[in-house]
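Good morning, everyone, and thank you for making time for this. I would like to walk through one protein model with you, slowly, and look at a few of its parts one after another.

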Amino acid sequence: MGTVTRVNGPLVEVEDLAGAAMFELVLLGPHKLLGEIVTLRGGRATVQAYEYTGGLAPGDPAERGGSPVSALLGPHLLGGVYDGLLRPLTDAGPWLDPAAPALASVARSWRFTPLVEQGRKAAPGTAIGRVEGAGSLAYLVLSPGGEVSAIRRTGRYPHDAVVAVVGGAEVRLTRRRPVRRPLPYASRLDETVPLVTGQRVIDLLLPVCLGGTAAVPGGFGTGKTVLLQQIAKWCDADVVIYIGCGERGNEMADVVAELAELPDPRTGGRLSDRTVVIANTSNMPMMARETSIYTGVTVAEHFRDMGYAAVVIADSTSRWAEARREFASRSGTLPAEEGYPADLASALAAFYERAGRVVTLGGVTGSVTIIGAVSPPGGDLTEPVTAHTERFVRTLWALDRDLAYARHYPAISWRESFSRDADALMQGAPENAARRARVGGLLAEADRLTALAELVGAGALPARERIGLMAGRLLREGFLRQSSLSTLDAYCRPERTALIADALLAILALCQDLVEHGVPAATVEDHDFSPLLRAKEAPEEEIAARRDTVLNDLEALR
């Protein structure tokens with residue numbers, strides 16, 4: 001037992017905490033508020049409190065927890081809503097009681113089915129049992145490695161029941177894992193496999209791979225949350241971990257409500273049955289959001305070890321960085337640029353480094369993909385959090401304010417964004433690489449001509465360049481623009497994306513050929529392209545017919 005000597009918001013100093021270690025859990029005051037040791041100097045420990053410290057005073061007791069800050073991992077995770085420390089919010093009251101016992105969503109019984117026999121050897125990471133009713137996925141109980149000296153028969157058991165003894169170690173349905181320590185794996189895979197998001201501009205121009213990293217920087221009102229929610233709903237990952245890190249409570253309420261209502265196209269059940277929501281909103285204790293992203297990625301690694309593809313969506317890492325800045329200012333740490341702590345870059349790198357597509361200890365393939373939103377003040381993409389994030393992620397989807405205010409969704413700027421894995425992802429599909437290069441080239445040329453047209457006027461440009469301007473407009477309206485409210489257009493399969501892109505490219509190629517053979521550019525520009533522009537709202541079997549109709553009408557202009 002130690003004694004609290006100073007309380008400054010989330011910063012608490014404790015004296016005489018003998019034997020304490022860095023990053024050890026500490027229970028503060030009579031209500032046992034959770035905290036974590038972040039500095040040790042002699043007999044004084046600086047604790048980062050994860051609860052509201054109002055009422056905590058010098059002289060109150062402080063008790064060592066004996067372990068690092070850990071997350072309770074188990075079959076209760078899928079379909080649940082949790083705070084930054086992975087405490088369930090689904091059946092909690094209006095206010096969380098730090099000393100409350102495990103809630104009903106965790107402390108329930110589960111049906112366990114053994115997958116190995118007693119006396120057999122089970123390698124580390126292999127499945128020794130399956131839990132039924134734990135979401136839409138098969139929840140597996142993994143072996144620590146060794147001989148199975150005891151295993152329970154099929155039946156229902158409490159969440160903390162010992163279901164097997166392997167290599168002398170007890171295996172329970174739930175287990176605690178430190179959130180700041182990555183879960184081990186056998187090897188990392190270099191092979192790239194695309195993560196299909198259903199958003200055309202991403203899947204064709206700016207793809208992300210399974211086990212990759214992506215960032216979504218953008219100012220207020222540019223559509224970060226809507227884009228991330230669409231990815232959470234439609235990406236082809238097995239498990240989605242959505243972290244509301246310091247975001248507004250109404251946005252998180254919308255996410256939870258929509259996930260509960262949406263059908264899952266993969267399983268036919270509810271989409272929420274393979275989703276974990278960590279809701280650490282702006283009105284919750286600030287420092288809990290600092291640990292929420294580590295909690296989320298630990299949950300993702302837990303499902304990765306079962307052989308699943310997990311996606312972590314953090315909205316937003318800027319609020320996480322602001323929590324670190326707040327604590328650093330209270331502790332008197334020497335500030336770096338814009339007041340952020342000097343270790344901001346290394347902390348961001350350590351977070352994104354936990355992504356990857358790996359061979360697990362059990363010999364199966366699993367992945368963790370991390371997608372983080374960044375909210376730069378005033379849309380300034382040169383501020384420290386955005387600048388450091390760009391260094392460590394493989395894909396950047398920068399949101400453009402002008403596109404957003406023009407009601408262009410998703411407002412991803414094809415000029416400022418990049419995908420470092422695009423070439424590797426396109427190696428096995430040369431037709432996709434050619435399609436991507438053609439669309440990207442036309443958009444770049446249209447951007448160059450737009451700047452020129454603003455100086456001299458579009459009518460003063462040569463016919464070929466006027467068609468280049470028109471090509472950019474048609475691609476933006478007919479391909480890049482996508483409706484999140486349309487049942488047909490909210491999600492676009494890769495095959496449908498290719499159909500729409502090829503139809504537009506065929507039309508644009510014919511338009512260029514027409515002006516080269518003497519057809520006036522104004523005649524081509526005035527042609528009715530609406531059947532093709534509305535093709536994204538049409539069934540796939542109609543897209544080719546619409547393309548042929550427009551092609552035949554254009555041929556009549558010769």
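Predicted model: local features only at pLDDT ≥ 70, side-chain atom pairs only at ≥ 80, totals over all residues.

Let me begin with helix H3, whose buried residues are Glu251, Met252, Val255 and Leu259. Around the axis these residues cover an arc of only 100°, which puts them on the same side of H3.

What covers the buried residues of H3? The cover includes helix H2, at 224-234, together with strand S20, at 239-245, and strand S21, at 275-280. As for the length of H3, its 13 residues, 249-261, should span 18 Å at 1.5 Å a residue, and the end C-alpha atoms are 19 Å apart, which agrees.

About 40 Å³ of space lies in the largest cavity, and its lining consists of Gln229, Ala232, Lys233, Val255, Glu258 and Leu259. H2 and H3 each supply at least two residues of that lining.

Next comes helix H4, residues 286-304, where the same kind of length check can be made: its 19 residues should span 27 Å at 1.5 Å a residue, and its end C-alpha atoms are 29 Å apart, which agrees. H4 also has a kink of about 30°, centred on Ser292.

Thr46 is found in strand S5, residues 44-49, and with a relative accessible area of 8% it falls under the 20% cut-off, so Thr46 is buried. Leaving aside residues up to four places away in sequence, Thr46 touches Leu11, Val12, Glu13, Glu36, Ile37, Val38, Thr39 and Phe327.

Leu115, by contrast, sits in the loop between strand S9 and strand S10, and counts as partly exposed because its relative accessibility is 40%. With sequence neighbours up to four places away again left out, Leu115 touches Ala127, Ile128, Gly129, Arg130 and Leu140. The C-alpha atoms of Leu115 and Thr126, which are eleven residues apart along the chain, are separated by 9.9 Å.

Note on methods. Residues numbered from 1 in each chain as written. Heavy atoms only, no water. Helix = DSSP H or I, 4+ residues; strand = E, 2+ residues; numbered from the N terminus. Expected span 1.5 Å × (residues − 1). Bend = angle between axes of the 7 residues up to and from the residue. Buried < 20%, exposed > 50% of the residue type's maximum accessible area, 1.4 Å probe, protein only. Arc of directions from axis to C-beta. Contact = heavy atoms within 4.5 Å. 1 Å grid on protein atoms, 1.4 Å probe; cavity = no way out; pocket = protein on both sides within 12 Å on 5 of 7 lines; lining within 4 Å. Points joined across faces, edges and corners; volume = space filled by probe spheres on them.
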